[in-house]
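Here is a short briefing to read alongside the coordinates. Keep the viewer open and follow along topic by topic.

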Amino acid sequence: MRRQVSLYLPEPARATIDAVRQRVDPIQYGLIPAHITLCRDDDVTDWAVVERRLAELGRVAVTLEFGPTRAFDGGGLLLPVITATMEFDDLRARLLAGAGQLPRPLAPHITLRHPRNVARLTTPIDHDDAGFSYPAPIHFTQASLIEQADGDPWRVIAVYPG
């Protein structure tokens, strides 16, 4: 069982970016919608604490802008954040570290093609997908606690604020 806290992309950004994800990595597209990972399993020592902190969130307010696609790790493709990440970093710290502490840094991004799927994919990345960018800032107002069992699609446990 795997868990994480993610910022799912709101519409219309989700539909636009998921259309690219479906073309370049239908495997990952079938497992999880377009998102930014906020907290991974290896970040968390006590999920009960993170869930309590999520429940205490008055609001989620993270705005990010993304640059053109970037290749990574031998065949992966992502949309990197090109603006300051203070809101993202602050939310991550509030969930993971507690007062006066900082978790390890995490560069927010949207994965379009996951490197672990490359060997199983038959469709090459075309020029349009390799040069894709999303032209507007994306505003996130909710965080989702999600989990995955045995490689199945991720499922949402709870959305905060609810």
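Beyond its neighbours within four places in sequence, Ser144 is in contact with Gln4, Val5, Ser6, Tyr8, Val156, Ala158 and Val159. Please bear in mind that this is a predicted model.

**Ser144 and its setting**
- You will find Ser144 in strand E8, which runs over residues 143-148.
- Is Ser144 buried or exposed? Its relative accessibility is 6%, and since buried means under 20%, Ser144 counts as buried.
- From Ser144 to Arg120 the separation is 24 residues in sequence and 29 Å in space, C-alpha to C-alpha.

**Ala119 in its loop**
- Ala119 sits in the loop between E6 and helix H5 (127-130).
- With a relative accessible area of 77%, Ala119 is exposed, as the term applies to values over 50%.
- Ala119 and Asp42 lie 77 residues apart in sequence, and their C-alpha atoms are 25 Å apart in space.

**Helix H1**
- H1 takes in residues 13-24, which makes 12 residues.
- Its first and last C-alpha atoms are 17 Å apart, close to the 16 Å expected at 1.5 Å a residue.
- Which residues of H1 are buried? They are Ala13, Ile17, Asp18, Val20, Arg21 and Val24.

**Helix H3**
- In H3 (residues 47-55), the buried residues are Trp47, Val50, Arg53 and Leu54.
- Their arc around the axis is only 125 degrees, so they fall on the same side of H3.
- Ala48 and Ala55 are exposed on the other side of H3.
- What do the buried residues of H3 pack against? Their partners are E1, E2, helix H4 (86-96), E8 and strand E9 (155-160).

**The largest pocket**
- The largest pocket holds about 360 Å³ of space.
- It is lined by 22 residues, and those closest to its centre are Thr37, Arg40, His109, Thr111 and His114.
- By type, the lining divides into 10 nonpolar, seven polar and five charged residues.
- Strand E1 (2-8), strand E2 (35-39) and strand E6 (109-113) each contribute at least two residues to this lining.

Methods:
Residues are numbered from 1 along each chain as its sequence is written. This is a predicted model: local features need pLDDT of at least 70, side-chain atom pairs count only at pLDDT 80 or more; totals for chains, interfaces and linings use all residues. Side-chain values use heavy atoms; hydrogens and water are left out. Helices (H or I, at least four residues) and strands (E, at least two) are DSSP runs, numbered from the N terminus. The expected span of a helix is 1.5 Å times one less than its number of residues. Buried means under 20% relative accessible area, exposed over 50%, partly exposed in between (1.4 Å probe, protein chains only). On a 1 Å grid over the protein atoms alone, a cavity is a set of points where a 1.4 Å probe fits but cannot get out, and a pocket is an open set with protein on both sides within 12 Å along at least five of seven lines; lining residues have an atom within 4 Å of a point. Grid points are joined across faces, edges and corners, and a volume is the space filled by probe spheres set on the points. Ala, Val, Leu, Ile, Met, Phe, Trp, Tyr, Cys and Pro count as nonpolar, Asp, Glu, Lys and Arg as charged, and the others, Gly among them, as polar. Contact means heavy atoms within 4.5 Å. The arc is that of the directions from the helix axis to the C-beta atoms.
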